[in-house]
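This short report describes the fold of one protein and then turns to a pair of its helices. Please keep the sequence and the structure in view while reading.

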Amino acid sequence: MENWKGLSIVPILLLGYIFLGVYMSLSIWYKLSDQTKYGLYISGTGAIVTIVLNLVFIPSYGFIASAWITMITYACMMILSYVLGQKNYPIPYHTFKNLAYIVCAIILSWLSFSVFERNLIIGNGLLLLFLIGIYLKEGPQLKQLLGYRQR
């Protein structure tokens with residue numbers, strides 16, 4: 001039962017890893033434009049944020065602080081890469097739509113874990129609702145990308 005104490009950090013870390021994945025996708029701009037020095041700047045900023053916040057907060061809050069710091073660091077790196085990328089090598093992302101999906105996923109996860117106390121049936125129902133919403137919004141474009149022909 002000792003391991004259950006760490007369960008509270010899982011959603012925080014998962015959100016952090018979403019931010020890391022978005023950062024990795026955003027980092028293409030400095031590779032395409034042969035400005036890889038920005039990768040060093042962004043990663044260095046992330047390292048400094050991690051070290052400073054860990055030194056300040058871990059003594060008081062323990063491993064939970066480390067999870068939050070990981071998420072904050074990856075969010076900072078993601079935002080920094082986006083801002084620098086739009087300045088140096090603009091790529092027209094669907095920023096609002098992508099943020100809306102992330103916020104919806106966060107809200108549904110929070111509902112599933114906090115409000116409905118990890119009820120498996122309700123959690124799966126919320127996931128299904130989310131997937132249906134994505135299909136309704138993105139289905140036609142997905143079919144077009146995959147080459148389905150309408151008859």
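Of the contacts in the protein with a separation of 6 or more, 66% are accounted for by residues 24 or more positions apart, where contact means heavy atoms within 4.5 Å. This is a predicted model, in which local features need pLDDT of at least 70, side-chain atom pairs count only at pLDDT 80 or more, and totals for chains, interfaces and linings use all residues. Residues are numbered from 1 along each chain as its sequence is written, and side-chain values use heavy atoms, with hydrogens and water left out.

The secondary structure consists of 6 helices and 0 strands, both taken as DSSP runs numbered from the N terminus (helices: H or I, at least four residues; strands: E, at least two). Along its principal axes, the C-alpha trace spans about 65 × 50 × 20 Å.

The axes of helices α5 and α6, which are lines fitted to C-alpha atoms over the stretch in contact, with angles from 0 to 180 degrees between N-to-C directions, come within 9 Å and cross at roughly 165°. The two helices are therefore roughly antiparallel to each other, a term used for angles over 145 degrees.

| Helix | Residues |
|---|---|
| α5 | 95-115 |
| α6 | 120-146 |

Ser112 lies in helix α5 and, at 12% relative accessibility, counts as buried, that is, under 20% relative accessible area with a 1.4 Å probe and protein chains only. Leaving aside neighbours within four places in sequence, Ser112 is in contact with Glu117, Arg118, Asn119, Gly123 and Leu126.

How values were computed
Angles under 35 degrees count as roughly parallel, over 145 as roughly antiparallel, 65 to 115 as roughly perpendicular and the rest as oblique. Buried means under 20% relative accessible area, exposed over 50%, partly exposed in between (1.4 Å probe, protein chains only).
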